[in-house]
Amino acid sequence: MSLLKEHDLGTPAKPGPATVSVEVDGMPVTVPEGTSVMRAAALSGIDVPKLCATDSLEAFGSCRLCLVEIDGRRGTPASCTTPVAEGMKVRTQTPKLEKLRQGVMELYISDHPLDCLTCSANGDCELQDMSGEVGLRQVRYGYDGANHLAEKTDSSNPYFDFEASKCIACSRCVRACGEVQGTFALTIEGRGFESKVSAGGKSFMDSECVSCGACVQACPTATLQEKSVIQLGMPSRSVITTCAYCGVGCSFKAELRGTELVRMVPHKDGGANEGHSCVKGRFAFGYATHPDRVLTPMVRESISDEWRVVDWDTAISYTATRLRGIQARHGTGAIGGITSSRTTNEEVYVVQKMIRAAFGNNNVDTCARVCHSPTGYGLKQTFGTSAGTQDFRSVAKADVIMVIGANPTDGHPVFASRMKRRLREGARLIVVDPRRIDLVRSPHIQAAHHLQLAPGTNVAVVNAMAHVVLTEGLVDQEFVAQRCEDFDGWAEFIARPENSPEAVEELTGVPAEELRAAARLYATGGNGAIYYGLGVTEHSQGSTMVMGMANLAMATGNIGREGVGVNPLRGQNNVQGSCDMGSFPHELPGYRHVSDDAVRAVFEDMWGSSLLPEPGLRIPNMFDAAIEGSFRAIFVQGEDIAQSDPNTKHVTAALRAMELVVVQDLFLNETAKFAHVFLPGTSFLEKDGTFTNAERRINRVRPVMAPKTGKHEWEIVAEIAQAMGYPMRYDHPREIMAEIAALTPTFSGVSFEKLDKLGSVQWPCDEKAPEGTPIMHMDGFVRGKGRFVQTPFVPTRERSTRKFPLILTTGRILSQYNVGAQTRRTQNVAWHPEDVLEIHPHDAEVRGIGDGDEVTLSSRVGATSLRAVLSDRMPVGVVYTTFHHPVTGANVVTTENSDWATNCPEYKVTAVQVGLKHSVAPVERAAEELRVPATVD
Amino acid sequence: MQSPQVRLVNEIAVQFHHWAFDDAAEAIAAHIRTFWDPRMRSELLRRVETEPGELDPLALAAARLLDR
């Protein structure tokens with residue numbers, strides 16, 4: 001249910017051309033084969049009364065309200081389950097139907113609370129609407145018979161209530177949980193009159209429910225209702241905008257009363273999510289108005305001083321003066337900045353422009369450095385552009401889905417629901433991950449192969465898969481001959497015995513036969529699609545692995561059409577966009593190198609400033625240079641590097657070494673502890689601009705309220721640039737996008753007006769593709785021919801040792817997001833109040849660790865403590881944690897190791913030891929048993 | 001202590017050991033020119049002069065090409 005009501009056509013659309021012509025109440029309509037009579041009627045402008053039907057769910061046929069009469073057919077079939085037939089003549093309103101419907105409604109209403117005037121769904125209730133629509137005037141059965149009116153309300157979920165007394169047992173919630181979300185947490189328990197919706201016999205909070213909100217969305221009554229609506233009342237207006245969490249980039253209707261956000265409802269026409277959502281986007285928006293938010297600028301001379309609240313003019317002037325002063329003393333290159341993947345394209349663009357044009361150097365980098373920079377490098381080397389190849393819809397055409405180093409059900413849940421739907425339809429699944437993620441075995445899904453490799457051996461595994469493809473004659477020779485280059489050299493390399501599954505079995509821990517079977521399946525099982533995450537990129541060979549996957553896809557011809565491709569699942573909402581906008585120190589917007597004179601000339605002409613032809617510092621290089629003394633000031637936009645970046649001790653030493661740290665953020669985060677200027681930022685509810693998601697989809701972010709800080713972030717940046725003597729002025733973010741489009745060929749067709757008209761577009765969006773490009777490399781690769789790159793496996797230098805015998809790998813969890821700055825300030829903490837260490841029972845036992853014990857986690861660079869959770873998801877020898885909580889500070893233990901090509905940190909492999917925090921003795925005993933030195937120090 | 005530049009160039013070099021030596025050195029030098037800030041290149045060249053033994057032979061050869 002939502003305020004801005006989209007027309008509900010009753011049943012889902014059927015694919016194919018409209019070929020079947022029917023008549024509904026005399027109105028002609030032509031629809032695709034398989035379309036329901038209900039949908040055909042709705043398309044002709046006639047809505048048949050319904051309760052159990054909604055167009056996000058397959059027809060169910062239980063409520064008996066949508067009955068129709070069809071000429072030449074007996075009885076009164078349900079229009080939702082009856083498909084159209086050529087020439088069919090349908091009548092939706094007859095005296096007979098009227099009587100039947102009123103009878104049905106009488107039964108419903110006789111067992112429903114008559115509290116419409118005080119009900120939270122008043123005005124937004126389909127039962128209420130249908131009562132009116134069928135002309136119900138009496139309930140002959142009275143209200144004193146057996147009923148469900150005393151059923152208790154389940155308020156356990158922090159975001160919605162389940163008011164069972166109002167349930168009409170239409171099963172929409174049950175079906176939404178299964179069909180849309182794919183969790184199957186809900187069921188109809190009991191039979192006949194005893195039938196009731198149940199979360200597996202538990203409260204919603206204790207059940208398998210993932211709080212995606214699909215059931216709340218589907219409920220036609222007030223049975224499943226947002227607590228915010230119950231507390232605040234029905235919203236009165238909607239604004240379509242884009243979620244500020246992960247790289248799926250879901251479209252939402254922000255529904256408000258005045259300026260107060262009541263709820264976020266997933267937008268049915270959203271290209272990325274098509275009406276679905278997850279617990280973060282749907283419910284976890286309270287951080288935007290959290291009292292921790294800082295709304296006024298603050299400055300201080302030293303990080304040991306108290307913050308001093310100042311006005312905007314003072315803050316901007318102070319920042320500009322100190323930046324210029326540092327440059328005067330230490331040189332133009334002594335300052336730089338970091339852009340954020342949590343801000344809009346327009347906000348990112350102005351920061352990199354400020355750095356290049358006003359600072360006068362290329363010391364700009366972005367948080368994608370620490371997540372998907374190897375994607376940019378690897379896909380550019382092989383395919384010619386730094387982006388995933390498919391749109392999300394493409395997964396519906398995949399026959400074999402290979403998930404590598406990603407945990408979509410936690411990290412990208414809305415896309416995972418699409419993927420799970422396809423898997424339930426019969427697509428085969430290969431999971432390549434050290435950890436047994438949920439996808440490996442979940443309701444109605446079982447991975448055909450789980451290659452549970454040792455952390456750090458991705459490249460050996462992908463090479464071995466390619467070896468099988470090549471040596472068993474599974475190469476798509478025609479595709480390779482027509483579309484690719486450098487195949488022969490690669491083939492000679494990959495065919496070498498050292499790349500065989502048998503040769504790498506001991507190293508990777510993946511049984512050779514299992515790997516061979518997986519490779520055969522990927523190569524021969526139909527459309528093969530690769531989806532990958534940070535388990536690929538955050539390694540010393542992250543870029544090599546990306547190229548290895550690209551090789552595999554090209555060798556099998558799995559590029560350039562629906563259902564295939566190589567697809568990064570981006571972590572943050574605007575990782576793709578922040579990279580597109582020229583955030584890397586060697587590239588101007590559109591991924592063009594700063595040394596290209598012709599490109600630079602275009603920018604110099606537009607910007608009125610000369611630009612350096614040399615690359616600037618990357619984030620890790622900035623830290624090194626700060627400690628060495630040549631880098632003295634940093635502008636940090638919406639990024640908490642002191643918590644998110646590896647080797648926290650090194651990062652904080654670098655921050656302490658700088659003369660000026662400027663933080664632009666919503667909250668005084670960990671980095672702000674080292675800052676001299678704090679510039680309060682805007683939440684996504686205040687932003688006006690665009691985000692670009694993992695499928696290159698550019699979505700509008702629309703403000704639902706004015707900036708609580710009094711200024712947009714792009715205005716602040718432009719004013720700092722002006723205060724530094726560089727003229728930069730925009731009156732509206734659409735002007736920034738116009739400049740981006742003028743300078744960036746892949747964005748040349750993008751404008752706010754087009755986005756408002758089309759909803760969204762996927763770049764490249766230019767003269768050749770004015771409405772965007774859902775799937776790339778269809779007729780040829782961006783670089784011309786796809787390039788095979790030899791990818792020898794080189795082990796990481798991070799090895800388990802006698803002192804640090806375990807390998808730590810890190811990840812994320814569904815309810816939390818990144819460093820938790822947003823989600824920790826919502827009720828999502830109910831699910832994940834702290835980071836925990838997953839450890840295999842065997843590894844725990846030999847250390848005397850029990851489930852729930854406080855343990856010390858130490859590496860060669862640092863130590864932290866957290867609670868242990870015994871889990872056999874991890875293989876023996878591997879432990880796992882998340883980095884959502886600063887108290888834990890998981891990155892205290894991660895090291896300086898990084899991807900060779902991009903310096904993306906190697907978060908996924910850290911040699912560690914684990915021991916009981918308060919009792920050294922068991923650790924020593926365990927160490928004795930293992931004959932390794934005790935390491936709690 | 002090994003400088004970050006030496007560590008980084010050695011990590012790059014090991015990825016190119018399967019190449020012909022001269023081609024690998026050229027490729028590594030090109031990579032460094034493409035992605036490294038000039039001060040990092042200067043520091044690497046200084047290390048080449050003062051601590052050549054710290055560098056992988058391939059890294060050393062690549063670094064010397066940066067002078068060209």
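How many of the 11 residues of helix 25 (residues 713-723) of chain A are buried? In this predicted model, in which local features need pLDDT of at least 70, side-chain atom pairs count only at pLDDT 80 or more, and totals for chains, interfaces and linings use all residues, the answer is nine, so helix 25 of chain A is largely enclosed by the rest of the structure. Residues are numbered from 1 along each chain as its sequence is written, while chains are lettered from A and ligands numbered from 1 in the order in which they are written.

A residue is called buried here if 20 or more other C-beta atoms lie within 10 Å of its own, exposed if 12 or fewer do, and partly exposed in between, with C-beta atoms placed from the backbone. Helices (H or I, at least four residues) and strands (E, at least two) are DSSP runs numbered from the N terminus. The buried residues of helix 25 of chain A are Glu713(A), Trp714(A), Glu715(A), Ile716(A), Val717(A), Ala718(A), Glu719(A), Ile720(A) and Ala721(A), and they pack against helix 8 (312-330), helix 9 (345-359), strand 28 (660-665), strand 29 (677-680) and helix 26 (733-743) of chain A. Just after helix 25 of chain A, Gly725(A) takes a positive phi of about 100°.

Elsewhere in chain A, five strands form an open sheet with parallel pairing, in the order 21-18-17-23-24, where two strands count as paired if DSSP finds at least two bridges between them. Strand 21 (449-451) and strand 24 (565-568) of chain A stand at the edges with a single partner strand each, so one side of each is left without a neighbour in the sheet. Neighbouring strands of this sheet are turned by 15° against each other on average, direction ignored; such angles are taken between axes, which are lines fitted to C-alpha atoms (for helices over the stretch in contact), and run from 0 to 180 degrees between N-to-C directions. Helix 17 (residues 512-524) of chain A packs on the sheet, touching strand 17, strand 18, strand 21 and strand 23 (528-532) of chain A, and its direction makes about 120° with that of strand 21 of chain A.

Within this sheet, strand 17 (residues 400-404) of chain A pairs with strand 18 (residues 428-432) of chain A in the parallel sense over five bridges, and five bridges also join strand 17 to strand 23 of chain A, again running parallel. Ile401(A) has a bridge partner in each of these strands, namely Leu429(A) in strand 18 of chain A and Ala529(A) in strand 23 of chain A, whereas the partner of Val403(A) in strand 18 is Val431(A). Five of the five residues of strand 17 of chain A are buried, so this strand is largely enclosed by the rest of the structure; both of its faces are covered, with Val400(A), Met402(A) and Ile404(A) on one side and Ile401(A) and Val403(A) on the other.

Ile401(A) also belongs to the largest nonpolar core, which has 166 residues, a nonpolar core being a set of buried Ala, Val, Leu, Ile, Met, Phe, Trp, Tyr and Cys residues joined through C-beta atoms within 7 Å. Among the members that touch the most others are Cys173(A), Cys215(A), Val461(A), Met465(A), Val469(A) and Met549(A), and helix 13 (residues 458-471) of chain A gives the most to this core, with 10 residues. A second, separate core of 108 residues includes Val663(A), Leu806(A), Ala821(A) and Val836(A).

Gly456(A) lies in the loop between strand 21 and helix 13 of chain A, and counts as buried because it has 26 C-beta neighbours inside 10 Å. Leaving aside its neighbours within four places in sequence, Gly456(A) is in contact (C-beta atoms, placed from the backbone, within 7 Å) with His539(A), Pro795(A), Thr796(A) and Val909(A).

In chain B, helix 1 (residues 4-15) has 12 residues and reaches 17 Å from its first C-alpha to its last, close to the 16 Å expected at 1.5 Å a residue, the expected span being 1.5 Å times one less than the number of residues. Nine of its 12 residues are buried, which leaves helix 1 of chain B mostly covered, and what covers these buried residues includes helix 19 (542-555) and helix 22 (619-628) of chain A together with helix 2 (21-35), helix 3 (38-50) and helix 4 (57-65) of chain B.

Methods. Contact = placed C-beta atoms within 7 Å.
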